[in-house]
Amino acid sequence: MEPKSVMDIALLPTIDQIDIGLGSSEKGNAIPSAKLRKKTMTSVYLKYFETAPDGKSRSCKFCGQNYSIATATGNLGRHLSNRHPGYDKTGDGLINSAPQPVVTIAKKPLPQGKTPIQVDYDHLNWLIIKWLILTSLPPSTLEEKWLVNSYKFLNPSIHVWPGDKYKVVLREVFRSMQEDVKGALEQVCSKISITLDFWTSYQKILYMSVTGQWIDETWSFQRMLLDICHIPHPCGNTEIYHSLVKVLKTYEIEGRALSCTHDNSPNALHACHTLKEDLDGRKMGPFCYIPCAAHTLNSIIDDGLKTTKPILSKVREFVLELNASPEISDDFIQLTTAYQEGSWKLPLDASPRWSGSYQMLDMVRKASKAMDAVIRKYDQTLGSKLLLSSAEKNAVSIVHAYLEPFYKTTNNICTNKVPTIGLVLFFMEHISDMIASCRDSRPNPDWLKSVAEEMAKKSRSYSGHVCNIFTYMTAILDPRIKSELIPESLNLDNYLEEARAYFMGNYSASHFAPLASTYGPHEVEDGGSVSFAEEIARKKRRASMNATTDELTQYLSEPPAPLSTDVLEWWKVNSTRYPRLCLMARDFLAVQATSVSAEDMFSGKGDEIDRQRYTLPHDSTQSLLCIRSWSQCGIQLKYKSAQIDYERLMEMAAAAENNGAGIDKKPK
């Protein structure tokens with residue numbers, strides 16, 4: 001049976017009407033009784049008006065329109081009917097508010113022959129849920145009176161669910177979609193690599209995101225957030241380990257998890273080590289844990305910036321003012337042109353992350369004259385303290401020249417489609433060489449050599465943790481790297497023999513069913529037929545190759561592909577040449593060199609993610625972040641067995657607007 005759509009069944013029991021007032025959240029004063037002029041039955045309108053303290057006028061509680069105290073209540077009633085249709089359905093929860101600007105609401109005329117579409121406002125609540133998911137806003141956002149009152153001002157018949165109802169619905173949507181995620185993972189026939197990311201919310205709660213990565217049969221890289229886990233007190237390695245194991249068991253992927261890339265924290269490291277011992281003890285298959293190259297590189301770069309951090313703070317303050325003021329920005333652009341100090345695209349990156357810090361260095365190095373001129377001109381706004389001394393500019397120039405290769409490296413990692421272990425290790429070895437060169441260079445100042453020594457310690461530590469047979473096998477399966485471009489510390493003869501033994505023991509013909517023919521029955525690439533003799537010849541060639549060499553040896557004997565090569569596309573094209581080795585490549589190339597996206601680590605995009613996660617309350621963090629991520633991966637939003645058809649909901653909303661359900665607002 002096909003699952004029902006949200007449009008076809010009642011998803012939720014009827015929501016009780018919510019008593020929501022207009023205006024501030026404070027309780028209003030009792031409305032003074034007014035002397036009725038003629039008919040007492042018209043006094044029902046008076047409760048929608050507030051009498052002024054001087055007793056000479058009344059103001060509408062909806063829009064603030066003032067009327068003389070002598071105005072007939074019939075006129076007040078006409079005001080309510082014309083300006084606020086449906087006012088009598090808003091309940092008695094009106095509260096006092098300050099007068100608001102008067103607006104005229106003009107209903108759109110209906111085209112002849114068309115009947116207004118009646119909108120089910122439960123559909124509106126589902127659209128609001130979509131908005132909360134896309135923006136990662138907690139349901140408590142809707143408890144803001146002014147937002148709710150805005151909906152009611154547009155249409156008093158609207159009933160927005162209370163915040164608790166949204167939380168209940170989001171939790172149920174999370175559970176329903178999680179079942180679909182389980183189903184999707186059941187279809188994955190390759191190994192799955194895990195990455196861990198950690199953060200602490202404003203409520204001082206530690207969270208861990210667990211993400212799975214794999215390469216599918218079409219050689220497309222896939223990534224899926226599995227869960228957001230609350231790490232309970234005392235937030236140590238034991239709690240992290242149990243939370244991670246719970247996720248793996250929930251999705252039944254313990255035996256298919258090939259690796260786990262962590263954030264380099266001691267607790268995460270020990271938790272992954274415990275997991276490896278557990279899986280090895282139960283003979284669940286090979287498993288390895290890997291430190292995050294992005295966290296390592298970020299820490300190394302941070303050491304390189306230590307000396308210039310006070311200078312960067314001054315430059316960042318200048319950039320923030322520059323971005324905020326069109327006048328200062330225009331002057332800066334004109335001055336850089338006049339001084340021939342390059343072309344600058346505003347607004348400039350002022351992020352405290354590496355991308356922003358490097359731009360600060362770059363600005364001082366290339367546009368110092370324009371900076372000085374702008375600071376002097378706007379001394380009252382910027383302050384002369386932002387002016388850099390010659391010594392400060394010289395220090396920035398030295399650090400800029402030293403860290404420029406680091407910036408190029410991080411850019412390459414960020415822009416690479418699939419930053420494999422092999423490619424990242426290739427770049428990390430280059431970084432180590434640059435640090436050693438700086439440390440050993442006589443002309444460099446002592447303070448820079450001291451900085452380089454601190455950076456070298458972290459580079460060596462990373463190399464010591466990441467260099468093993470597991471990462472060796474992952475690296476050589478990158479056709480751009482093979483054995484020629486891997487770090488010397490990883491290129492050991494015994495590793496090659498171990499890799500060959502692993503391949504023969506786990507991916508050889510004896511461990512798999514016979515492979516299907518490269519081509520379909522009696523077909524070849526040019527559309528012709530394969531003769532009986534040709535089939536015999538192919539079998540003899542394959543048997544000859546297996547007798548003389550294995551696929552891994554054949555693969556490594558060929559020169560590496562250019563570094564610009566698309567790794568997954570290369571394997572897709574060459575999988576027929578290496579039918580067994582490509583299976584191993586699909587497993588190992590999914591292993592992640594970084595626990596988070598390099599772009600998130602080094603650019604301002606990471607600031608946005610941090611702000612978003614930091615401000616989410618505990619009761620909404622897991623559901624909102626998981627649902628949003630799953631939706632972006634193509635998992636359909638569901639409530640129990642019903643699929644939420646948002647395209648149809650949007651069509652109904654558009655139809656309602658086109659048929660006059662919308663309103664125009666014009667200032668009076």
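Author: Start with a rule. A charge sits over a ring if NZ of Lys or CZ of Arg is within 6 Å of the ring centre and within 35 degrees of the ring normal. Keep in mind that this model is predicted.

Reader: What makes Lys-482 lie over the face of Tyr-555?

Author: Lys-482 is 4.3 Å from the ring centre of Tyr-555. The limit is 6 Å, so the distance passes. Tyr-555 also belongs to a cluster with Trp-219, Trp-570, Trp-571 and Tyr-578, linked by ring pairs.

Reader: Why is the pair of Trp-126 and Trp-161 called edge-to-face?

Author: Their ring centres are 6.0 Å apart and their planes stand at 85°. Pairing needs centres within 6.5 Å, and edge-to-face needs planes over 60 degrees apart. Both values pass, so the pair is edge-to-face.

Reader: What makes this pair a tie between parts of the chain?

Author: Trp-126 lies in helix 2, while Trp-161 is in the loop between helix 3 and helix 4. The parts are 35 residues apart in sequence, so the pair ties them together.

Reader: Why is the pair of Phe-426 and Phe-427 called tilted?

Author: Their planes are 55° apart. Stacked needs under 30 degrees and edge-to-face over 60, so this pair is tilted.

Terms used:
Residues are numbered from 1 along each chain as its sequence is written. This is a predicted model: local features need pLDDT of at least 70, side-chain atom pairs count only at pLDDT 80 or more; totals for chains, interfaces and linings use all residues. Side-chain values use heavy atoms; hydrogens and water are left out. Helices (H or I, at least four residues) and strands (E, at least two) are DSSP runs, numbered from the N terminus.
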